[in-house]
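Me: I have a model open and want to learn how to read it. Can we go feature by feature?

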Amino acid sequence: MTQAYAASPKCGTSRYSTVTGRYASRSSEGRKKAIRSGVTDPSDVSIGNTKLKDDRSVVDGNDCSENNLAQVFKNNDYVTGMVGKWHLSKTANLGDTVEAVKAEIESCGFMDVEAMYPDNFQDFDTWSSNIDHNMEYVAYKAVEFIEENANNDFFLYVNPTAPHSPDVLTAMSKDCRITVDGDFRSTMSTGWSVEGMTKEFGDDCMLYRANVRERAQSTSTHDLGSIWVDDAVGAIYKALERTSQLDDTVILFQLDHGKAGKDEIWEGGIRIPQFIHYPNGFGTASRTWDGMVSTIDVGPTFLDYAGISESNPHMYPMDGRSWKNAIDNILGSGDDWKANRCLFFESSEERSVRCGCDKYFQLSSSSPEKAEAAANGWPGWNTNTAEALVDLCDTSGNYVVADLSVTSPEAVNIIASEPQKAFELSGLLQCHLDKTKADVAPTYFECGGNTATPPPTPATLPPTPAPSLRGTTINPTNPPEEDTTPPIVHFFNTEAGTYLTTNTPVFHVWASDDSSIRSVKFQLRDPSGNIRNQVNGDLAEVSIDHEKWASPQMTLDESGEWAWRARVTDNSAARNQFLMPWVHFHFLGGDSPVAAAVGIIRAEIEELINGNNALRPKFLRLGFHDCVGGCDGCVNMDNGDNAGLDVPIDALVPIVEKYAHNAHITAAIGSTISRADIWALATLAGVDLAAGGAPSDVTWSMTHIGRVDCSGADAAGKGGPDPELPSPNLNTHELLDFFEQNFGFSSDETVAIMGAHSIGAAQRQNSGFDGPHGWVNNPNQLSNGYYDMIIGGSVDPTNFWDLIHAPQWTQETIENSNLDAPSRIQWFHQKTPDSTQPDKIIMLNADIALVRDLSDHMVDLTLPSGEVVPGSVTTCSFRCSGNQRLTGCPDRNPPLCPHAVATFDKATEYAFDNDLFLRDFESVLDKMLKNGYSETDLVAVGGDLATT
């Protein structure tokens, strides 16, 4: 199938379309979030917003319980199975456990869920480091399902994890008996027996994997992963053949997005390989078909092949259509699917439509597509491009395949020379946007092309009234100017974006002449998405040319984002009804409006973190770097020590744009929330989500706002002052001096703040340090594990020689001449004796300085390149070996480093008492986040954040 497309070029969004037959913008989860945010035109189509999940707050929101292929097949007596990567559940909401995710998948119609990977590896951090790609196990479970259901009708959904990241070569070095479903090494002497993979190698995974590497003649993830997956597909094929099911089984193979441009609606991101095999349907001779098909077509096509018609009681409406008949009559069906069909594509807030050779784009201000086009200097493109038109074909009407020697036709924006064509396609795209809008009842028909129900053209689209939303208070306002666009009803109070502190607001509806309204019903939607009952409004004011209707006092009973709307019935004989769109506002309830505002912002930050757990340590690092020299919401990215902080800064930009210096918030709470406040709040939220098992009195609360943003930085916070950051090579005395002078920390507080290194990792391209596995055994949880690694002993906190005998740390040189980073000296500890395993953890000289006084034992290192790493190499040993630890190994050369008297005892206390560490860390973190301010400079948040 030479013109197959992903409706949305991301892992999760594409899978949603495949298993539902719907565009990803239809996702119940995404529609709910879009309605709550007020951004519905277009909504944000992202992996975090696209889950197979029911949500009763939206119309037709039964994605899991009804509206997917598995449920329809299951209810028509098929056995349904899912094997491999899922990526369609909110795993953080399910406690990040495989069992909980598996149970949710089963509730969505998949009766047998095996070898299930809930998410991308980096997004599912409760796994041990041994869990990795394991295509033998995935294939084994798929084959097992096929063999067990040889006498049943079945639907099997198989998703390999390779060749996606992480590194496939690393995965191939691990024991295949360690799986997502458990460690089977104690019960299995060999690996998984899979014909076409391991069976030919005596079920020895390592021998088989060596063969894969030999065939690949490469170590790249793509090359190794592609062969690994190809063998797994072959194993499934052989299982069907062996069980005499091959000829009457429909097999579809597809990628979830293009290889050349994931996340982007370029052809390289949405165009996918797709193959279908069905001997009883169309033989076994190889052939191609160039009809335009999409992931939204998989659902209706598979159900069509199964003989499940639209009249089936378990069917539901879909966006796609079946191409079964087109394949059955392949010679005569090309034009209907090629020239006469339009396909639509969605990614984030970007949208495009392709009809025949023409492709039209609508792009947001942050579009990566137009940024790339502008950077390449492509004709007709620039950073202000909001729409574009390209011709995908050559002068003969043949699709142009771009490669290294042929420039993509998308490189030329021809919209200036083809305004009429752009107008027509923009109308078709508007048709798609209208029917998939999050806050309207879903409708299902094809926009454009040769369809039974043609959509409205741009010239015949009905006029849409623009409600007049006036005023920012609950008091009556002046009537709006007359709007002659029908209907003549206006809506105002409360304006979108308003923040209210009263819990009994009144809303108003205005009509441009008297006696035009028969009735008005008002309605609220609460922060949980629940729609409250409609209540009747009253006629509040009548004059010769207008009338105003008012709601009763509406009760707001929880802080958060609310919305209101009204349904108006006119006085005509037809009793026409007009339903206004939802108008979003916030209610700041509880004892402290400031605390309520902070709670609303924090909830959005936490949702951001839950979508990307890697932000936890990044926000903590951002908070520290911002507060050196005083917390001012600015980081100078010209300083190499700040490398990598653009990631958390950019992640917070939408929240900063929404809330920082928001005039509505300032009017409501009497104080301004700054960018620096939001960064501090993100620091606390990241720590909170990383500190599992903290004592109940440790709440990581935001205690104050009122920090002042610096001048000289851009809107994101990049730029401004460049304070001196601590050297990684500080000895004990220098470390204490730095924190005392810059933060007013005592020696105990300095020991506590250094525990921040218990989460996160160090990347060479950012800091020059090589620590991808971090400082501790579990770098995803804030705990006293950091001190465990530099303090010995496990029972007696008073036995000095046991405490000194911590895990062994050895210095190594990280030479970075090939990177834009300085060379470094670091300490490393190998978690397993086998040094080939990539599991080393690191410490910096400043970390070791908490337990060893290196003051007189550090010298400069000169590299062969001539680069000097000052004060970095130690001339003493970290610990004694064997029984010599009881004597201090006086004869050791180099000698044992002396212990750090000023900090050793406090580090020992933390190593033996995690609760003490977390309490002290909360206190010193709060102090750090107020650096540069006195209590009188700031505004107390007040209230109980846990309840507001």
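Me: Which residues does P300 touch, not counting residues up to four places away in sequence?

Reply: Keep in mind that this is a predicted model. P300 touches G21, M318, G320, R321 and S322, with residues up to four places away in sequence not counted.

Me: Where does P300 lie, and is it buried or exposed?

Reply: P300 lies in helix α11. To judge burial, look at relative accessibility: under 20% is buried. P300 has 14% relative accessibility, so it counts as buried. P300 and E310 are ten residues apart along the chain, and their C-alpha atoms are separated by 9.2 Å.

Me: How many residues of α1 are buried?

Reply: Helix α1 covers residues 11-20, and ten of its ten residues are buried. Among them are C11, R15, Y16 and V19.

Me: What covers the buried residues of α1?

Reply: The cover includes α2 (28-37), α3 (69-74), β2 (79-85), β4 (154-159), β7 (251-254) and α11 (298-305). α11 is also the helix that holds P300.

Me: Now a sheet. In what order do β2, β3 and β4 stand?

Reply: Read a sheet by strand order, then by pairing. Here three strands form an open sheet in the order β3-β2-β4, and the pairing is parallel. β3 (112-117) and β4 are at the edges with a single partner strand each, so one side of each has no neighbour in the sheet. The twist averages 5 degrees from one strand to the next.

Me: How many bridges pair β2 and β3?

Reply: Four bridges, in the parallel sense. For one of them, find G81: its bridge partner in β3 is D112. Helix α1 packs on this sheet, touching β2 and β4. The direction of α1 makes about 170 degrees with that of β4.

Me: What order and pairing does the sheet with β26, β27 and β28 have?

Reply: This open sheet of three strands runs β26-β27-β28, and the pairing is antiparallel. β26 (810-814) and β28 (840-843) are the edge strands, each pairing on one side only. Direction ignored, neighbouring strands are turned by 45 degrees against each other on average.

Me: Which bridges can I look up there?

Reply: Take the strand pairs in turn. β26 and β27 pair over five bridges, in the antiparallel sense. T813 has I825 in β27 as its bridge partner. Strand β27 (residues 824-830) and β28 run antiparallel, joined by four bridges. In β28, F828 has I842 as its partner, and Q830 has K840.

Me: How many of the seven residues of β27 are buried?

Reply: Five, which makes β27 mostly covered.

Me: Next, helix pairs. At what angle do α16 and α20 pack?

Reply: Check the angle first, then the axis distance, then the residues. Helix α16 (residues 593-610) packs on helix α20 (residues 675-690) at about 55 degrees, and their axes are 9 Å apart. That angle makes α16 oblique to α20. The crossing of α16 past α20 is right-handed.

Me: Which residues of α16 meet α20?

Reply: From α16 come V598, I601, R602, I605, E606, I609 and N610. In α20 they meet I678, L681, A682, L684, A685, G686, D688 and L689. The contact residues divide into ten nonpolar, two polar and three charged. An α-helix has 3.6 residues a turn, so residues three or four places apart point the same way.

Me: At what angle do α22 and α28 pack?

Reply: Helix α22 (residues 747-754) and helix α28 (residues 914-928) pack at about 100 degrees, with axes 9 Å apart. The two helices are therefore roughly perpendicular. E749, A752 and I753 in α22 meet F917, D920, F921, V924, K927 and M928 in α28. This contact has six nonpolar, no polar and three charged residues.

Note on methods
Residues are numbered from 1 along each chain as its sequence is written. This is a predicted model: local features need pLDDT of at least 70, side-chain atom pairs count only at pLDDT 80 or more; totals for chains, interfaces and linings use all residues. Side-chain values use heavy atoms; hydrogens and water are left out. Buried means under 20% relative accessible area, exposed over 50%, partly exposed in between (1.4 Å probe, protein chains only). Contact means heavy atoms within 4.5 Å. Axes are lines fitted to C-alpha atoms, for helices over the stretch in contact, and angles run from 0 to 180 degrees between N-to-C directions. Angles under 35 degrees count as roughly parallel, over 145 as roughly antiparallel, 65 to 115 as roughly perpendicular and the rest as oblique. A crossing is left-handed if the near helix is turned anticlockwise from the far one by less than a right angle, and right-handed if clockwise. Ala, Val, Leu, Ile, Met, Phe, Trp, Tyr, Cys and Pro count as nonpolar, Asp, Glu, Lys and Arg as charged, and the others, Gly among them, as polar. Two strands pair if DSSP finds at least two bridges between them.
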